[in-house]
Amino acid sequence: MALLFDYALRQADSALILGHRLSEWIGHAPLLEEELALGNIALDLIGEARALYAHAGTVEGKGRDEDALAYRRDAGAFRNLLLVEQPNGDFAVTIIRQLLYSAFAHPFWRALGQSRDATLAAIAAKAEKEAAYHLRHAGEWLIRLGDGTAESHRRAQAALDELWPYSGELFETDAVELALIAEGVAVDPATLRPEWERTVAAVLAEATLAAPAGEWMQSGGRSGRHSEHLGHLLATMQFLQRAYPGAVW
Amino acid sequence: MYTQGLLHAKDDDRAAPEPADRLARFQARIDAEEKIEPNDWMPEAYRRTLVRMISQHAHSEIVGMLPEGNWLTRAPSLRRKAALLAKVQDEGGHGLYLYAAAETLGVSREELMEQLLLGKAKYSSIFNYPTLSWADIGAIGWLVDGAAIMNQIPLCRCSYGPYARAMIRICKEESFHQRQGFEIMLTLARGTSEQKAMAQDALDRWWWPSLMMFGPSDTQSQHSDASLRWKIKRFSNDELRQKFVDATVPQGRFLGLAFPDADLRYDEAAGHWRFGAIDWAEFRAVLAGNGPCNRQRLAQRSAADERGRWVRAAATAHAEKRRARAAE
């Protein structure tokens with residue numbers, strides 16, 4: 001059960017941290033429609049996180065609920081991908097981050113819909129539909145940015161170059177995942193790689209952007225070795241729970 | 001809501017007189033409770049009053065996203081975080097919806113947005129106050145949305161069709177927000193002593209500005225009675241303010257919180273809660289741009305607009321490229 005707890009937590013943490021990042025856009029988005037769209041995507045992701053935390057808490061059996069898991073763990077205990085904790089940057093950075101993640105999340109949830117863990121499968125079925133929309137939204141925007149003006153092209157390429165080294169982590173597996181893959185509970189991310197590559201390549205081609213040549217990939221999220229950014233995000237997000245221990249909100 | 005009765009009568013002076021028979025037919029339709037639709041003839045002052053009212057309302061929704069957005073990243077639980085996100089998103093949706101309603105009167109969203117960013121357009125004074133604690137999110141839902149609903153429910157019967165229809169949907173969402181805000185206050189009021197103090201402090205700071213949301217007193221209002229005659233509005237500022245106080249005071253007492261008004265008392269004979277004098281100097285100062293956050297709010301909207309310029313330019317350029325390719 002410890003494995004399943006860890007696995008659910010990984011997905012929950014990625015969804016929450018990305019949802020939180022997107023919520024930082026509210027009031028700052030480049031147009032009103034995007035205030036709504038980014039808010040919508042953030043809501044989907046936070047919803048996914050809540051369902052996954054609830055499942056993780058139940059599996060763990062120590063009475064930790066969604067808020068105990070989201071608000072009362074320090075950065076080292078978070079298992080999200082490094083990609084999703086990267087700061088919003090300009091709109092191009094946010095869109096690239098969303099594209100790299102959603103191009104993975106969409107086939108990931110589809111595959112996880114076949115999980116032998118019925119709760120994970122049910123969460124995945126809902127998340128798959130959401131990820132399809134998130135992917136479409138990011139893809140359409142990246143095409144506009146890449147194939148828009150000289151400035152937007154330059155920004156989109158810079159964003160891609162900046163975040164590309166965080167894409168390798170999407171496909172990593174470790175002992176936790178291997179054991180759960182063998183049981184038919186988890187998805188082997190390596191099997192999703194061809195589809196991810198096709199999706200990303202198609203968008204980049206239409207956006208007239210070039211995938212970076214460098215092969216070095218950052219890693220560490222799954223083992224709690226994060227970038228400096230996560231601590232600040234959590235300091236903000238967890239502030240009330242930390243400042244008033246035991247209070248109910 | 002959010003127009004604060006600031007529909008300056010001086011602007012209602014028409015340059016060219018309109019034919020008396022047309023005006024009479026228009027008034028007859030209003031009196032018969034018919035809805036006026038975008039393509040119908042309407043007096044110029046009616047159109048202008050509505051544009052001002054709807055755009056002030058739309059701007060208020062958009063600026064109103066900021067004080068609440070200030071707590072999106074610090075909401076104390078995932079449930080509260082999701083609910084607040086959904087609420088702020090609803091407000092953006094109301095803004096879009098209302099700009100579209102204003103567009104039916106021949107004014108574009110871009111024009112209206114430009115007026116807002118230039119500081120030429122008004123929005124509700126309430127959003128120029130800061131959100132200093134989580135309890136302020138509760139207080140905004142309970143009091144600010146509560147005041148908004150009081151004003152907006154009669155607007156569902158506004159004589160202008162597109163605005164009235166927009167209001168029906170908006171009111172449903174606002175009343176959900178109001179209950180959500182009250183529930184936040186209730187949780188705090190039933191919580192630790194620190195949480196209760198937080199709730200009290202929020203009520204202390206938001207009560208009077210909420211009363212100011214209804215605009216100047218009827219004796220002071222520059223508002224002509226034309227908008228009542230045209231059934232754009234159905235109640236005066238003071239009538240709506242009194243309704244709000246009557247509805248809200250019992251709720252505050254249920255919360256166990258004290259209103260920051262030594263003169264607040266129940267008038268048995270009239271069946272109304274009587275309240276103390278509103279500090280109209282403060283109201284005027286905030287309207288004049290000197291509230292705690294006026295500059296900050298506009299600066300944030302302007303910065304977002306400025307930072308988003310290249311994104312909008314990219315979208316336009318890309319659309320043009322597509323059109324050109326399709327034409328080839």
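Colleague: Which residues does B:Ala135 touch, not counting residues up to four places away in sequence?

Modeller: The model is a predicted one. In it, B:Ala135 belongs to helix α5 of chain B, which covers residues 134-155. Leaving aside residues up to four places away in sequence, the residues that B:Ala135 touches are B:Met185, B:Leu188, B:Met198, B:Ala199 and B:Ala202.

Colleague: Is B:Ala135 buried or exposed?

Modeller: A residue counts as buried when its relative accessible area is under 20%. The relative accessibility of B:Ala135 is 0%, so B:Ala135 is buried.

Colleague: What is the separation of the C-alpha atoms of B:Ala135 and B:Thr187?

Modeller: Along the chain, B:Ala135 and B:Thr187 are 52 residues apart. Between their C-alpha atoms, the separation is 9.8 Å.

Colleague: Are the rings of B:Trp280 and B:Phe283 stacked or edge-to-face?

Modeller: The whole structure holds 23 aromatic pairs over all chains. For B:Trp280 and B:Phe283, the ring centres are 5.3 Å apart and the planes meet at 85°. Planes over 60 degrees apart count as edge-to-face, and therefore this pair is edge-to-face.

Colleague: How many residues apart are B:Trp280 and B:Phe283 in helix α10?

Modeller: Helix α10 of chain B spans residues 280-290 and contains both residues. They are separated by about one helical turn, because their spacing in the helix is 3 residues.

Colleague: Over the ring of which residue does the charged end of B:Arg190 sit?

Modeller: Ring pairs link a cluster of B:Trp142, B:Phe182, B:Trp207, B:Phe214, B:Phe244, B:Phe254 and B:Phe259. The charged end of B:Arg190 is 5.4 Å from the centre of the ring over which it sits, that of B:Phe254.

Terms used: Residues numbered from 1 in each chain as written. Chains lettered and ligands numbered in written order. Predicted model: local features only at pLDDT ≥ 70, side-chain atom pairs only at ≥ 80, totals over all residues. Heavy atoms only, no water. Helix = DSSP H or I, 4+ residues; strand = E, 2+ residues; numbered from the N terminus. Buried < 20%, exposed > 50% of the residue type's maximum accessible area, 1.4 Å probe, protein only. Contact = heavy atoms within 4.5 Å. Phe/Tyr/Trp six-rings, centres within 6.5 Å; stacked < 30°, edge-to-face > 60°. Lys NZ or Arg CZ within 6 Å of the ring centre and 35° of its normal.
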